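Biologist: I am new to this structure and would like to go through its interfaces one at a time. Please show it to me.

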Protein chains: 4
Amino acid sequence: MTFIPKDKNFVKRVEESFHQQRFMKFINAQLIKVEPGFCEIHLPYNPDLTQQNLFFHAGIVGTIADNAAGYAAFSLMNVDSSILTVEFKLNLIAPAEGETLIGRSHVLKYGRTLTICRSDVFIVKDNNEKLCAASQSTLMELAG
Amino acid sequence: MTFIPKDKNFVKRVEESFHQQRFMKFINAQLIKVEPGFCEIHLPYNPDLTQQNLFFHAGIVGTIADNAAGYAAFSLMNVDSSILTVEFKLNLIAPAEGETLIGRSHVLKYGRTLTICRSDVFIVKDNNEKLCAASQSTLMELAG
Amino acid sequence: MTFIPKDKNFVKRVEESFHQQRFMKFINAQLIKVEPGFCEIHLPYNPDLTQQNLFFHAGIVGTIADNAAGYAAFSLMNVDSSILTVEFKLNLIAPAEGETLIGRSHVLKYGRTLTICRSDVFIVKDNNEKLCAASQSTLMELAG
Amino acid sequence: MTFIPKDKNFVKRVEESFHQQRFMKFINAQLIKVEPGFCEIHLPYNPDLTQQNLFFHAGIVGTIADNAAGYAAFSLMNVDSSILTVEFKLNLIAPAEGETLIGRSHVLKYGRTLTICRSDVFIVKDNNEKLCAASQSTLMELAG
């Protein structure tokens with residue numbers, strides 16, 4: 001599906017919002033790609049982000065899925081809109097054991113109030129990408 | 001509902017697992033209470049854990065909900081079992097703006113393989129607790 | 001939690017909407033109770049509503065959970081509002097094997113645009129109620 | 001992704017199970033296509049399956065999404081396995097107003113115990129297919 005962003009400076013707007021999220025800086029997440037209705041975020045491995053087996057924590061996997069979805073949706077929104085996550089659902093599919101976590105999300109439906117996204121989270125190990133989580137999210141556009 | 005834990009040292013077992021999760025230490029989450037089929041986790045405010053409005057990040061809210069659910073379920077499991085989050089779904093209900101985030105989860109059904117939990121996340125502001133998120137999770141017990 | 005309905009004739013309004021849903025009549029679902037922010041629906045067993053083991057079909061269990069949530073939310077809405085289900089998530093917890101399926105839902109948060117509900121579905125067998133499914137839903141109020 | 005079914009007679013096994021579900025017959029759902037890890041189900045419009053606006057009821061939309069997911073997963077399972085829906089999450093994206101409801105589901109991950117599927121539900125109106133719902137499901141394989 002092809003989306004026409006309402007704000008032609010959507011990349012800059014997404015980048016600015018991403019860099020205002022101090023949690024993204026705290027965990028060293030990188031905004032890699034923003035296209036209309038799409039976003040990709042990378043997160044390098046850091047033992048501070050792990051659970052009891054030293055794999056990425058499920059909360060971190062959910063964070064990357066949720067944020068990729070939020071910025072995929074935000075890329076299409078009006079220049080003065082803000083965005084809220086209404087809800088998300090995440091399936092953890094394989095252990096997040098590897099060097100980099102990659103979240104990719106695309107918009108399924110951009111609506112006047114609500115936007116629906118699907119996200120995939122991959123774990124990279126020895127240059128091999130493996131699906132480790134899948135998510136579906138509802139986002140809300142708040143005018144002004 | 002009243003649950004009988006299979007392992008009478010379940011509190012110690014939950015505490016040990018919690019303290020092995022380096023992400024819990026990194027964000028300074030506190031395991032406050034563990035009962036059979038119940039868990040409560042607190043997280044003090046820290047601007048490093050915030051989104052663009054300086055409220056707790058949705059990923060952090062999800063982390064606390066997921067971890068409370070995981071340990072509520074783990075409290076009932078066999079002494080040598082390990083636990084996996086299969087999936088969770090989180091509704092964000094109010095802005096997580098306040099001094100402390102509190103996650104409370106209880107087991108709805110403890111099954112041989114799968115356990116279902118419901119979690120509530122509260123934000124404390126000026127000594128007032130307010131529901132800010134609600135979650136439902138599926139956990140899996142792995143023998144041995 | 002106590003809710004004050006905006007429309008004092010909310011019971012009548014819920015009943016009318018329920019009886020306009022031809023699918024409820026087709027499966028013989030009964031609206032049993034409506035209170036502010038709460039709804040209970042019963043469904044007698046009928047082999048036409050079953051899956052391969054002759055238990056209630058998961059789609060029917062989801063229908064009862066979703067509809068109970070919808071009317072719990074609708075009970076609080078403005079007299080001229082209509083309602084949409086945005087999304088729901090359902091865990092199937094035990095086989096729905098018995099004489100009556102009971103859906104009970106209550107509102108967790110009634111918001112200006114979005115309302116969040118939790119639903120429990122019980123199966124009655126030999127006069128014994130057993131939890132067979134648990135759900136969390138997001139509903140939307142449409143003005144006018 | 002390409003899946004190798006464990007049972008080469010998987011199409012026949014899926015068809016038999018589908019036809020044992022009396023609810024599928026009751027609503028006149030048609031099993032249209034079964035491939036390894038994929039299933040498509042059609043449902044012709046019938047006013048008995050509608051909500052208050054005479055569109056397909058959300059419970060029916062969920063039924064078609066859930067059943068397509070179940071049979072996409074079941075196509076890959078062992079010859080003597082049975083299948084359970086653990087949970088599903090459904091977003092309703094557009095009104096299900098039209099002549100035919102189409103559910104298509106594919107397996108994201110086929111695991112030893114749990115299988116994850118994504119489903120799309122389309123509504124056909126004037127020969128035009130439109131996405132009206134999106135779902136993510138967890139299914140469980142039961143040996144013997």
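Biologist: How much area is buried between chain C and chain B?

Modeller: This is a predicted model, in which local features need pLDDT of at least 70 and side-chain atom pairs count only at pLDDT 80 or more, while totals for chains, interfaces and linings use all residues. Residues are numbered from 1 along each chain as its sequence is written, chains are lettered from A and ligands numbered from 1 in the order in which they are written, and side-chain values use heavy atoms, with hydrogens and water left out. Buried area is the accessible area (1.4 Å probe) that two parts lose on being put together, summed over both. Carbon and sulfur atoms give 50% of the area between chain C and chain B, and the total is about 1,400 Å².

Biologist: Which residues of chain C lose the most area to chain B?

Modeller: The contact (heavy atoms within 4.5 Å) takes 15 residues from chain C and 15 residues from chain B. Three residues of chain C together account for 39% of what that side buries: Lys89(C), Arg118(C) and Gln136(C).

Biologist: Which residue of chain C forms a salt bridge with Asp120(B)?

Modeller: A salt bridge is a side-chain nitrogen of Lys or Arg within 4 Å of a carboxyl oxygen of Asp or Glu. Four of them are found across the interface of chain C and chain B. With its closest N and O atoms 2.9 Å apart, the bridge of Asp120(B) is to Arg118(C).

Biologist: Which element gives the most to the side of chain C that touches chain B?

Modeller: Helices (H or I, at least four residues) and strands (E, at least two) are DSSP runs, numbered from the N terminus. Those that give two or more residues to this side are β3 (82–92), β4 (100–110), β5 (114–125) and β6 (128–142) of chain C. The most, five residues, comes from β6(C).

Biologist: What is the area buried between chain A and chain B?

Modeller: Here 32 residues of chain A are in contact with 32 residues of chain B. Of the area that chain A buries against chain B, 23% is supplied by Phe23(A), Phe26(A) and Gln52(A), more than by any other three residues. Carbon and sulfur atoms give 55% of the area between the two chains, which is about 2,800 Å².

Biologist: How many salt bridges are there between chain A and chain B?

Modeller: One of them joins the side chains of Arg22(B) and Asp48(A), at 3.1 Å from N to O. The count between chain A and chain B is four.

Biologist: Which residue of chain B stands opposite Phe88(A)?

Modeller: β3(A) gives nine residues to the side of chain A that touches chain B, the largest share. Two strands pair if DSSP finds at least two bridges between them; β3(A) and β3 (residues 82–92) of chain B do so in the antiparallel sense, over five bridges. In β3(B), the residue opposite Phe88(A) is Leu90(B).
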